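Let's take a friendly walk through a protein structure, one topic at a time. Have a look at the sequence and the model, then read on.

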Amino acid sequence: MEILVCVKRVPATTTRVTVGPDGKSLDPTGVEYVLNPYDEFAVEEALRLKEAAGEGSVTAFSFGGAEAQKELRTVLAMGADAAVLLQSEAAAAADGATTARVLAEALRGRSFDLILFGKQAVDLDQHGVGPMVATLLGIPCISEVVALEVADGKVTAEREVEGGREVVEAPLPCAVTAQKGLNEPRYASLKGIMAAKKKPLEVVEVDPGEAAVEVVSMSPPPPRPPGRIVGEGPDAVPELLRLLQEEAKVL
Amino acid sequence: MADILVVLEVRDGKVRPASLQALGAARGLADARGGRVLALATEAVEPDLEALGGAGADEVLVAGAEAHSPDGAAATAVRVAGEEGADLVLLAATIRGRDLCGRIAAGLEAGFAPDCTALEADGEGLLFERPVYAGKARMQVRIRTPKAVASLRPNFFQPAGRSHSATRRDVPAEEGKARVVEMKGRQEGRPDVAEARIIVSGGRGLGGPENWPLLEALADALPGAALGASRAVVDAGWRPHSEQVGQTGKTVSPELYIAVGISGAIQHLAGMSTSKVIVAINKDAEAPIFQHATYGVVGDALEILPKLTEALKAAQAG
């Protein structure tokens, strides 16, 4: 089974976000970058499917700056066979549509059974890259998947939607975006980390062209009005209830 | 001016509230810049033309696909947007809506702005505001392609609330390769955490999964309340991931968010800080959640919860 996985280098979820001097992007000072957490589920699932099939390969792609080689090495250390960096300094701030076009261009013409993505990158939270790449490639996509089965040229997946779980079927080749719960991602072993150094990591310069979406400004979230401590223990309940009814008027 | 197409989400034969909110946002824009508001149902549905018209639709297009197919629904929306000359496609930022957003953008060669919390027309066109980094910051963006697609986060927009009956037209549905074959584990009675007006959310301070009935009782005493959970209790296996609020869970904006035994890690705060009113109940007076709470109560959640539930029931009975 030939599996492609698309991954992104993102700030860790513990990052305190500060707006940079351009007023449009994250100030990267002191920020720790990691493999996008949802991409870990995608990589893990790719490795499991390859292991279950007993043959095939897993190739990782990332649209990123030169420093994204680190995250691709992490994917190789987890067990992927090869990696391709679609390198551009414009990548980190790229909108979803631009990212999807670059990835689709790079994947077109490759032979694959399955393309896996994380359901979203935890930086710009765009959600749309996987489904958009699939649409540009003319293949089906099942997004936010928590259970996946591939058999007889067909994918059966479960996804959590508001108020229930959808079971979706699609023929191969197909794209899938991974949601938390799909699996428990493995840690790279020392042996894996050593082996990753010798695995192929190809760097291809790409020009994303004109962005589809322009960032006008980035700012902190609107400040919350100051709150207060109503009281201590169960005795505070009547006053809390009064405030919710009379002051906040939410009950 | 070109029309606006709103792709409706239908579940169990009903249009979801978040889609009615998207219709209201579209109405506001159409009133400001001209053009019609078209509502598209990509599945067979008997549309309530008064409700959809009242929310903001001029015309309701019904494509009668038997089951939801994500690629089929997107292809139908792309075709209809082309036929009708719509330059803006809006959806609710639900799980289905977020999925359709990128697909429709692909078909229209458009840029997309997901999960918008504000939308305005100015001299230069449309300005979309959206949270990034799970709400730790927000961005204002412009879509530079001739056509644009955006999804709107639930509870940030209002249906138009006017008295108007939309007209209906049936249109053909496109077929997709992927299709929904079954809906499992349907949660009856309680709304989903992403759409609820009130959320009662629990963390480690509740001590263990055996104490969740106390939280459920509180939710039962608040009509329209959903259950939420912190990442710590989801990772510990106490609660399902579908309830997780925060950066690797759901981002929510209810009118009332009650955080019980949740300390307020930055990942959690990112997911709920746009709630209108936040109540925090926690033993630790120094917990970061209190800096974000509208109202805080310091104390043992296991003692406070039953009192609060009881008081709510008494207030409703009275």
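## A two-chain briefing

Chain A has 6 helices and 13 strands (helices are DSSP runs of H or I with at least four residues, strands are runs of E with at least two, and both are numbered from the N terminus). This is a predicted model, in which local features need pLDDT of at least 70 and side-chain atom pairs count only at pLDDT 80 or more, while totals for chains, interfaces and linings use all residues. Residues are numbered from 1 along each chain as its sequence is written, chains are lettered from A and ligands numbered from 1 in the order in which they are written, and side-chain values use heavy atoms, with hydrogens and water left out.

**Chain A as a whole**

- Taken along the principal axes, the C-alpha atoms of chain A fill a box of roughly 65 × 45 × 40 Å.
- Of the 251 residues in chain A, 56% are buried (buried means under 20% relative accessible area, exposed over 50%, and partly exposed in between, with a 1.4 Å probe and protein chains only).

**Nonpolar cores**

- The largest nonpolar core has 95 residues (such a core is a set of buried Ala, Val, Leu, Ile, Met, Phe, Trp, Tyr and Cys residues joined through side-chain atoms within 4.5 Å).
- Ile115(A), Ile104(B), Phe128(B) and Val149(B) have the most contacts inside this core.
- A second, separate core has 43 residues, including Ala46(A), Ala77(A), Leu114(A) and Val122(A).
- What does Phe128(B) touch, leaving aside its neighbours within four places in sequence? Among its contacts are Leu88(B), Ala113(B), Met139(B), Ile143(B) and Ala150(B).

**The sheet in chain B**

- Strands of a sheet pair through backbone hydrogen bonds, either parallel or antiparallel.
- In chain B, an open sheet of 7 strands runs in the order E7-E11-E6-E1-E4-E5-E12, with parallel pairing (two strands pair if DSSP finds at least two bridges between them).
- Its edge strands, E7 (111–116) and E12 (167–171) of chain B, each pair on one side only.
- From one strand to the next, the twist averages 20 degrees (axes are lines fitted to C-alpha atoms, for helices over the stretch in contact, and angles run from 0 to 180 degrees between N-to-C directions).
- Strands E1 (residues 3–8) and E6 (residues 86–92) of chain B pair in the parallel sense over 5 bridges, and Asp3(B) stands opposite Ala86(B) in E6(B).
- Helix H4 (residues 95–108) of chain B packs on the sheet, and its direction makes about 165 degrees with that of E6(B).

**Where the chains meet**

- In the interface, 87 residues of chain B are in contact with 79 residues of chain A.
- The two chains bury about 7,100 Å² between them, 58% of it on carbon and sulfur atoms (buried area is the accessible area, with a 1.4 Å probe, that two parts lose on being put together, summed over both).
- Ile95(B), Tyr133(B) and Tyr295(B) lose the most area on the chain B side, together 11% of what that side buries.
- There are 4 salt bridges across the interface (a salt bridge is a side-chain nitrogen of Lys or Arg within 4 Å of a carboxyl oxygen of Asp or Glu).
- Lys184(B) forms a salt bridge with Glu158(A), with the closest N and O atoms 2.7 Å apart.

**Salt bridges within a chain**

- Over all chains, the structure holds 49 salt bridges.
- Glu44(A) and Arg48(A) form a salt bridge, with the closest N and O atoms 2.7 Å apart. They are 4 residues apart in helix H1 (residues 37–53) of chain A, so about one helical turn separates them.
- Is Glu44(A) buried or exposed? Glu44(A) is buried, with a relative accessible area of 3%, whereas Arg48(A) is partly exposed at 37%.

**Backbone details**

- The peptide bond from Leu172(A) to Pro173(A) is cis, with omega near -10 degrees.
- Pro173(A) lies in the loop between strands E9 (164–171) and E10 (174–178) of chain A.
- Asp125(A), a residue other than glycine, has a positive phi near 50 degrees, and Asp125(A) is buried at 9% relative accessible area.

Definitions and conventions: Contact means heavy atoms within 4.5 Å.
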